[in-house]
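Reader: I have this structure open and have not looked at it before. Can we go through it piece by piece?
Author: Go ahead and ask.

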Amino acid sequence: MYNQNISGLLRFQGQWRSYQKRVLDKADQYLRDKRLHIVAAPGSGKTTLGIELIRRLGSPALILAPSINIRNQWLARVREAYLPEGTDTEGLLSNSIRKPGLITAITYQALHSLIRKGVSEEEPEEDCGEELEEEQGDGAEEGSMDKDFFELFRERGFRTLCLDEAHHLRSEWWKALEELRDREPGITMISLTATPPYDASKGEWDRYIGLCGPIDEEIIVPELVKEGSLCPHQDYVYFNLPTKEETEAVTAFRKDAASVAEQIFEDPAFAEKIRTHKGIRQPGRYAEQLLEKPEYLSSLLVFLKARQIPFSGELVRMLGAGEEIPSMNLHWMEVLLQGFLYEDTESFAVEEAYREQLAALLKGHGLIQKNKVVFTVNDQLNKLLIQSKGKIRSIVTLTGEEYKNLGEQLRLLILTDYIKKEYMSALGNEEKSVNELGVVPIFENIRRAYEKSPWGEELRLAALSGSIVIIPKSAKETLETLMEERSVKGSIKECTVEGYYQVDVRDGEETASGLVTEAFNRGDIRVLIGTKSLLGEGWDSPCINSLILASFVGSFMLSNQMRGRAIRTMKGNPDKVSNIWHLICMEPEGETGKLKGPEESEDFATLKRRFEGFLGVHYEKNVIENGLERLSFIKPPYTEPLLQKINQQMLALAADREALKRRWEESLTVLKDMDVAVEAGVDKKYLKPGFRMYSALVLLFVCLGAGIFCLGGLLGLFTLQDGRLGALGNVLFIFFLLLCIIGIFRYGGRVLRLGTPFRYLRSLGKGVLRALRQTKAVTSRNVSVETEDGKGWASYVYLKNGTEREKDIFAQCICELLGEVENQRYLLKAKRPVSRLCRYYCVPELFGKKKEDAQLFVRCVEKDMGSCELIYTRSAEGRKQLLEARIHSFANKNSRLTSKRKTVKSPWT
C-alpha cells in the first residue's frame, strides 16, 4: 500500500512544451484560491498537465471524466508518462471509488449515482459498475445506502478534485458536483476543458465559472501549430445539389403549400376575420402591442393591401415613414397565420370552431409542426436536405481526389451519425440502392464507385461502429495477430463482398475499436468510415490526414471534438498536413436556378455555427481568424455554376498541401506571442464624422481665432505702452489664456476623439470599458482598447489583454450599442449626434435589465457621444420613441452594420 503523498511516486518522463511550462510556472499563483481553470485545444496535452498538477499538490486525487474511454485514458496516461514500465499500480491507480487509489478516476455519472445512492462496503472490490457503465455510456457505480459517499471521500483523504471537460455536465451532475464542493470546501479543484461554454447564457456561464473558477490560461490552436503539437490544417467546403427525388419532394411541398395558402388568401371569410383585428380598427390604442412584433404587423398590412382592404395610414407610419409595403408571398402568409392561430388569438373576433377548422386544414397538408405554421420549409424537408443523398456523391468524389493526392500515405476518416445496419444485405448486391447517409451505405458506395478502378483495392476500405466491423483483406492478418496477442475472443468471417471480412469481437466495442485503429495506424486500412459516437471524443489516431464530416452536428463543442481527430501531429511524420471537409447541400429556389442563400439554408446555418468555433488560416491572407469569411471563395450569388466553380477551387487548394503549410508558417512567423482578439466590426459609414465633430471644429477655430485676436491686441498695447500692459492688457491676457484653454481642451479634445472613424470607435470603446469595469464585468488589469482597419466595409475595435470572456462581453456590448433597434428595454438618444447616420443607440443587454445599470452606462459613454437622453421603452411615451428609433435606425437598413469575429494577434503589437 502506498503512503498518502504522491509527489515522490510520479516523475514525468518527457519534456514540457513552452505553453505547458508557462502554465506550470504560474500554477502556484493561480492556485491561491484553490481553483485552477485551463482551456486547452485538443492535442495540447492537457491530461498530462492535469496529472502534473495533481502530482505537485501531492494529496490523493479524484478525477472526474465525461465517459469511460476518457476515464481510462487518464490512468493509462499516468502509466505511460509518469511510471517506469512494469510498475505495480495497486493502491496507486483505480477506476473504482469502492477500492480507491491515491489517484482515482470515475465518470460524472458515477459520482451522481454515488451521491444519490451511497456506497456499499459489501460490494465486491472490483469495479462492479463497469458493466452498467458500458450499458449507459457515461458510467455509473451503483450501490446501496450502507455507506455515505462523503464519509468515504473524507476517509480516503481526497483533497484534490480534477474536472475533465466540465462543459459536458448535465443538470443533475451539476447538482452532485456543487454538493461536493459545498460539503468539502477545503478541496483544491483543477478544471480542464477544450470547449468552455462561451456562448452560454449569463446564468449558465456564472454557474460554470462559479464551480470551475475564472479561466486562468487558454492554449489556442495556432499556438499548438507553432509549437508542433498540432499539424497545419485547413477546412474546405464541398457543395452538392439535392438529388432528383429530393428536388421533386421539395417542389411538391412548395406547390402544395402555395395551393393551400392561395385557398386561404382567397377565402372571403378569412379576410373578414383578419379585419376584426383590434389593432387594425384602433391603431393608436394598440400601437404598443403592434410594435412588439414589427414583422407580424407587416404581414397584416401585406395581406390587407393584397386584398385591397382599406386601413389606416397610421399603421404604415409605424413601419417606417411610408415605406412601400411588400407583395404577398408564402413567407408573409406564414407569419400572418402564426399570429392568427397561435400567438395573437385574442386580437381577433373569431369563433374557436373556425380557427380549429383552419388549423386542421393546414395540419392535413403537413403545414403545421409543433404549433408552428411552416409554408416555406418544415422539419421534414430540412432533414431531407441536411441528410441529402447527394452528399454520398460528394464523399465518393472526395475519397478519390484525396487518394490521387496522397496515394498510399492517405489516412482518411469519414465520420457520420448513423450505422444504417439494415443495408448490410445490399453489400455486393448492385441491384439494391444504398443512397442514404450512414456507415454501411457510405462504405458500399465508395466500394462500388472504385471497385473497377486500377487502384480500387489500394483504398483499403473499412467500416467501424459499435455493432458492425468490416475490414479489407489487407488488414485480416494484422487483426488475427493482434487478437491472438491480446487474447481477444471473436471471429473474422468472409463478408458478402469479395475481399472484405466481417469482424465479431465479443470483448466489447472498445476492444474492436482498438484493433481496427491499430490496423489503420499501420496502413493496412487507409479509408475508415465510422460513427462520431464511437470515433469522436476520447478516440485517438494521429495518422489521420484527411477527415470528411458527414455529420449534422453544428455545436462548437461536438464539431471541435470531431475536427480534433485529424489535426494531431504524428511521430515520424513531421510533414503531416490535414484536410477537413464539410459537406453542404444547397437548395434551389423555385424554378429560377438561383439557390437559397445561407440565411435560408439550415445546412449552411449549421456550417456557419461550426466555423464560429474554429481558428484557422485565411485562404488568401496571412491571418488567423474564425468565421466562414476566412474561406474567401464562398461568395454569393449561389448559382449552380458558381457552386461547381467553388468545388473546383476547393479541390485545387486541398491538393496543394505544401502551400498550406507555407501559409501557416508565414502567418505564425509574425506572432512571437499569441493573443486572441474578439473584434467588433462597425460599418465605416456609420462612424463618419457628423454635426458634433464639425461643430466642435468650428468652435475650436472660433476660440483660437479670438485668442489670436486678443494676442494681437495684447502685443499692440505692449508696444504702445513701452513694455507695460496696464489693466486692459491684463484683461486681454486673461481672455487669451481662457480662449486657448477652452478651445484646445474642450473642443480640440473632441475633434481628436471624433475626427476619424478609428478615433471615434476607440473613444467609444473606452466608454464601454469604463462601464464594464464599474459593474465588475471586466476585472483584469492592464487591459486596453485597440482598433484596426478591416481593409473593407468595417473598422474593428477589441479589448486587449483581458480574459476570453471579458473580450467577448466587450465586443458584444459594442455590437449591441451600435446594432439594430429592435425591442430593447433602454435606448440612448443623442442630443447632438456624433454621426449623421445615427441619433439612437441601444443600451447593451448587460446594462439594460436595471435602471441603475442603464444610468451608469450613460454616464460612462456620454463623454464620447455627448449629452444623451435615456429612454425607457416600456412606457407609452417610450414606445413612441422606440418607433421613431426604428424608423431612423441606420442598422435597420443595413444588416452588415456590426459583426463579431476572432483573430489571433501578437500581444506586443
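Reader: What is Leu528 in contact with, leaving aside its neighbours within four places in sequence?
Author: Contact here means heavy atoms within 4.5 Å. On that basis Leu528 touches Leu412, Leu413, Ile414, Ala462, Ala463, Leu464, Val516, Phe520, Leu535 and Trp539. A word on the source: this is a predicted model, where local features need pLDDT of at least 70 and side-chain atom pairs count only at pLDDT 80 or more, while totals for chains, interfaces and linings use all residues. Residues are numbered from 1 along each chain as its sequence is written, and side-chain values use heavy atoms, with hydrogens and water left out.

Reader: Which residues have the most contacts inside the largest nonpolar core?
Author: Ile446, Ile471 and Leu528, in a core of 141 residues. A nonpolar core is a set of buried Ala, Val, Leu, Ile, Met, Phe, Trp, Tyr and Cys residues joined through side-chain atoms within 4.5 Å. Buried means under 20% relative accessible area, exposed over 50%, and partly exposed in between, with a 1.4 Å probe and protein chains only. There is also a second, separate core of 47 residues, including Ala257, Tyr296, Phe303 and Leu367.

Reader: And how much of the protein chain is buried?
Author: Of its 909 residues, 54% count as buried. The chain has 34 helices and 25 strands; these are DSSP runs numbered from the N terminus, helices being H or I with at least four residues and strands E with at least two.

Reader: Pick a helix. Which residues of α18 are buried?
Author: Tyr354, Arg355, Leu358, Ala359 and Leu362. Seen down the axis of α18, they fall within an arc of 130°, so they line one face of the helix. The arc is taken from the directions from the helix axis to the C-beta atoms.

Reader: What covers them?
Author: The cover includes α11 (244-266), α12 (268-275) and α17 (330-343). On the face turned away from the buried side, α18 carries the exposed residues Ala353, Glu356, Gln357 and Gly364. Just after α18, Gly366 takes a positive phi of about 70°.

Reader: What about α19, which residues are buried there?
Author: In α19 (residues 379-386) they are Leu381, Asn382, Leu385 and Ile386. Their arc, seen down the axis of α19, is within 130°, so these residues line one face of the helix. Gln380 and Lys383 are exposed on the face turned away from that buried side. Among the elements covering the buried residues of α19 are α11, α20 (390-406), β16 (578-585) and α26 (602-612).

Reader: Changing topic: is Glu679 buried or exposed?
Author: Glu679 is buried, because its relative accessibility is 0%. Glu679 sits in strand β19 (residues 675-683).

Reader: Which side chain does Glu679 make a polar contact with?
Author: That of Arg901, at 2.6 Å. A polar contact is a pair of N or O atoms within 3.5 Å; within protein, one must be able to donate a hydrogen and the other to accept it, and residues adjacent in sequence count only if both atoms are side-chain atoms.

Reader: Last one, where is Tyr208?
Author: Tyr208 lies in helix α9 (residues 202-212) and is buried, with a relative accessible area of 2%. Its side chain makes a polar contact with the side chain of His37 at 2.9 Å. The C-alpha atoms of Tyr208 and Trp174 are separated by 9.0 Å, with the two residues 34 apart along the chain.
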